[in-house]
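Hello,

Here is the structure I promised to pass on. Please open it first, then read my notes below.

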Amino acid sequence: MYTVLLVDDEKRMLDLLELYLAPKGYHCVKCESGVAAIRYLENNKADLVLLDVMMPEMDGWETCKQIREFSNVPIIMVTARGETTDVVQGLKIGADDYITKPFDESELLARIEAVLRRSVGKQAKLEFNGLVWDEAQHKVQYAGHDIFLTPKEFAILGLFLKNPNRVFSREQLIVTLWGYNANTEERTVDSHVKNIREKLRQAGFPIDQFLQTVWGVGYKWGG
């Protein structure tokens, strides 16, 4: 049974989310603030976090950033806003996906299933020019130093490393990592790839030599 941490300052929304998820076999833990969610995750395991953005005192953005300081748990942001800037902001601070209110039960379940499906797979350890991608420990290292990636970024990098010189369209990446029924947009893929490039570049890895944009198509890992 998967444990889903529900974070929203409105008790009615927490109860509604539990009403959707519990009959599908999910164990729901409800927190009414970002502080309570962080406290829970510091002492307990969760398989996924559904995190509302608009909360008093500590909003979802700040909560996500603080969670990412110590945990790789997959995070789906729940927001009433749909602007591109908000989506990009969430992905840049470590969210794996987002869903915009109002949403229906089927869309919510599809997004949760896609994120969890990505987190389960064959364990592997790949090495490429000093870059180590370790699925068993969910770690990426270069020259002995850890590189912190979100779960979605980690999965994308692993897919490229497992399939060198294969060109992936944005649509293929969405289907592979989010699932056929996901309503993920292509700009979401672009944001994740941008984050991967920035993080590996900062670590000293010559990422621009290998993670290449195939204009009009998508991306590939060359070299």
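This is a predicted model: local features need pLDDT of at least 70, side-chain atom pairs count only at pLDDT 80 or more; totals for chains, interfaces and linings use all residues.

Strand β3 (residues 48-52) and strand β4 (residues 75-79) run parallel, joined by four bridges.

Now the sheet as a whole. It is open and has five strands. Their order is β2-β1-β3-β4-β5, with parallel pairing. β2 and β5 (97-100) stand at the edges with a single partner strand each, so one side of each has no neighbour in the sheet. On average, neighbouring strands are turned by 20° against each other, direction ignored.

Five bridges link strand β1 (residues 3-7) with strand β2 (residues 27-31), in the parallel sense. Within this pair, V4 has C28 of β2 as its bridge partner. Between the two strands, the chain passes through helix α1 (residues 11-21). This β-α-β crossover is right-handed.

Last, two helices. How do α6 and α8 cross? The axes of helix α6 (residues 151-162) and helix α8 (residues 186-202) come within 10 Å, at roughly 85°. Angles of 65 to 115 degrees count as roughly perpendicular, so α6 is roughly perpendicular to α8.

Which residues make the contact?

- From α6: K152, E153, I156 and L157.
- From α8: H192, N195, I196 and K199.

By type, the residues of this contact are three nonpolar, two polar and three charged.

Best wishes

Methods:
Residues are numbered from 1 along each chain as its sequence is written. Side-chain values use heavy atoms; hydrogens and water are left out. Two strands pair if DSSP finds at least two bridges between them. A crossover is right-handed if, with the strands pointing away from the viewer, the path from the first strand over the helix to the second runs clockwise. Axes are lines fitted to C-alpha atoms, for helices over the stretch in contact, and angles run from 0 to 180 degrees between N-to-C directions. Angles under 35 degrees count as roughly parallel, over 145 as roughly antiparallel, 65 to 115 as roughly perpendicular and the rest as oblique. Contact means heavy atoms within 4.5 Å. Ala, Val, Leu, Ile, Met, Phe, Trp, Tyr, Cys and Pro count as nonpolar, Asp, Glu, Lys and Arg as charged, and the others, Gly among them, as polar.
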